[in-house]
Amino acid sequence: MSGDGQSLRERFEAAFMPNYGVPPVALARGEGCSVWDADGRRYLDLIGGIAVTSLGHAHPALVEAVSRQVATLAHTSNLFLHEPEVLLAERLLGLLGAPARVFLANSGTEANEAALKLAIKYGRSRGRHYFVAAEMGFHGRTLGALSLTGKPSIRDQFGPFPIDVRFVPYGDADALKNAVTDDCAAVFLEPTQGEAGVVPPPDGYFRAAREICSATGALLVADEIQSAIGRTGHWFAHQAEGVVPDVLTLAKGLGGGMPVGACVGFGEAGTVFAKGDHGSTFGGNPVSCAAALAVLDVIERDGLLDNVKTVGALLSEGIAAVRHPLLRGVRGRGLWLAAVLAEPRSAEVQAAAQEAGFLVNALQPDAVRLAPPLVIDEAEARSFLDALPGILEAAHG
Ligand SMILES: *Cc1c(COP(=O)(O)O)cnc(C)c1O
């Protein structure tokens, strides 16, 4: 069962489909914001399993909640209900503060599949037959969510898709207005585009989307799979915009590393599905629900939204203050940032950061993503800022 990093990478390559390539590091364990690789080398984890590891690694509250629940009742299926799922749905509704209903899934793409099926059903009974989504938007890899995903390189080879999706440039409210008519069933949007490179829209864009949807009767689906659960310093990014969507999808940070997704329907959208319309054997399983409850409890108890704002600002301002020809700037909010490069050398920056003991993510050729655990402290953030000029210099070649 043991193996050093290099031999694990060779065995990975031989045993797995090549869809991920071979990842550069074999991780063995973690604690807080630190992870150790199979050779015992320590790194500061500044990507958190893609904005997932909200509480950091091996957080005592998460360990306790998951261990207790797996030893009590690990699975029921949806033939039976259980208290952790009821508590989680109630907790989400409390944080959202508006009348709504919840469906629980296992992942982001499944949360969006639920939203899409809901929107198809909503649209059919009203003669609304097409969908609008944003260019470069990301909504997942299963066929429904992929059909809404606006990145040609991952979408086109699997089309054509059975639903009519019309793409608009992200951030352009006029283009959105022109695309959404009384025949449109739903608009799927990220409040800030994540996989596209942590790209916030111009101020007021999400509010404009709300107004356009309300005026035409199309559902506004906010894909907050990456942006929610404290990532931007708010429980949900849409709360900072002062708008309420019709449908909200969640996943990544919600379970703190355990797989869980949610699709929330507000008002009328909460009762579009009738009995038998949708389901998932594992969705809302007790262990994932216990994990999510622990995540939400710790964020509240430890004031992590404030930590996200404080340490996020420190990181963002610290990156912006670095003067280096390879660095153009920084975008994003809270603990969800992209260092923007002047040249397409993000792979080199990721490799140089790894060499210096920091895990970051080469998200786009010119964008390096940081999405560390919400518990990261100022000293940890400073250690990265201190190392950044040297990392950029090494990557500059
Ligand atoms: C990650 C992500 C998804 C897909 O989530 P999976 O759990 O990988 O299926 C969907 N939408 C957004 C905005 C995401 O960031």
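This is a predicted model: local features need pLDDT of at least 70, side-chain atom pairs count only at pLDDT 80 or more; totals for chains, interfaces and linings use all residues.

The protein chain has an accessible surface of about 17,400 Å². Carbon and sulfur atoms account for 54% of that area.

Charge comes next. The protein chain carries 32 positive and 44 negative side chains. The centres of these two sets lie 3 Å apart.

Now take the overall dimensions. The C-alpha trace spans about 60 × 50 × 45 Å along its principal axes. How does the radius of gyration compare with that of a compact globule? For 397 residues, a compact globule would have a value near 21 Å. The protein chain has 21 Å, which agrees.

Of the 397 residues, 55% are buried. Contacts between residues at least 6 apart in sequence can be sorted by separation, and 71% of them join residues at least 24 apart. The secondary structure comprises 14 helices and 15 strands.

Start with L46, in the loop between β3 (42–45) and α2 (48–51). Is L46 buried or exposed? Its relative accessible area is 0%, and buried means under 20%, so L46 is buried. Which residues surround L46, beyond its neighbours within four places in sequence? L46 is in contact with F358, L359, V360, R369, L370, A371, P372, I376 and F384. Take L370 from that list. L46 and L370 are 324 residues apart in sequence, yet their C-alpha atoms are 5.5 Å apart in space.

Move along to T53. This residue sits in the loop between α2 and α3 (60–72). T53 has a relative accessible area of 9%. That value is under the 20% cut-off, so T53 counts as buried. Setting aside neighbours within four places in sequence, T53 is in contact with G48, G256 and P373.

The last stop is K252. Where does K252 lie? Its place is in the loop between β9 (247–250) and β10 (261–266). An unreviewed UniProt entry annotates K252 as "modified residue: N6-(pyridoxal phosphate)lysine". Not counting residues up to four places away in sequence, K252 touches I50, A51, V52, I225 and Q226.

Key:
Residues are numbered from 1 along each chain as its sequence is written. Side-chain values use heavy atoms; hydrogens and water are left out. Helices (H or I, at least four residues) and strands (E, at least two) are DSSP runs, numbered from the N terminus. The radius of gyration is taken over C-alpha atoms; the globule rule is 2.2 Å times the number of residues to the power 0.38. Buried means under 20% relative accessible area, exposed over 50%, partly exposed in between (1.4 Å probe, protein chains only). Contact means heavy atoms within 4.5 Å. Accessible areas come from the Shrake-Rupley method with a 1.4 Å probe; for residues, only the protein chains shown count as cover. Lys and Arg count as positive and Asp and Glu as negative; His and the chain ends are not counted. The place of a charge is taken as NZ of Lys, CZ of Arg, CG of Asp or CD of Glu. UniProt positions are given in the numbering used here, feature names are shortened, and annotations may be inferred rather than shown by experiment.
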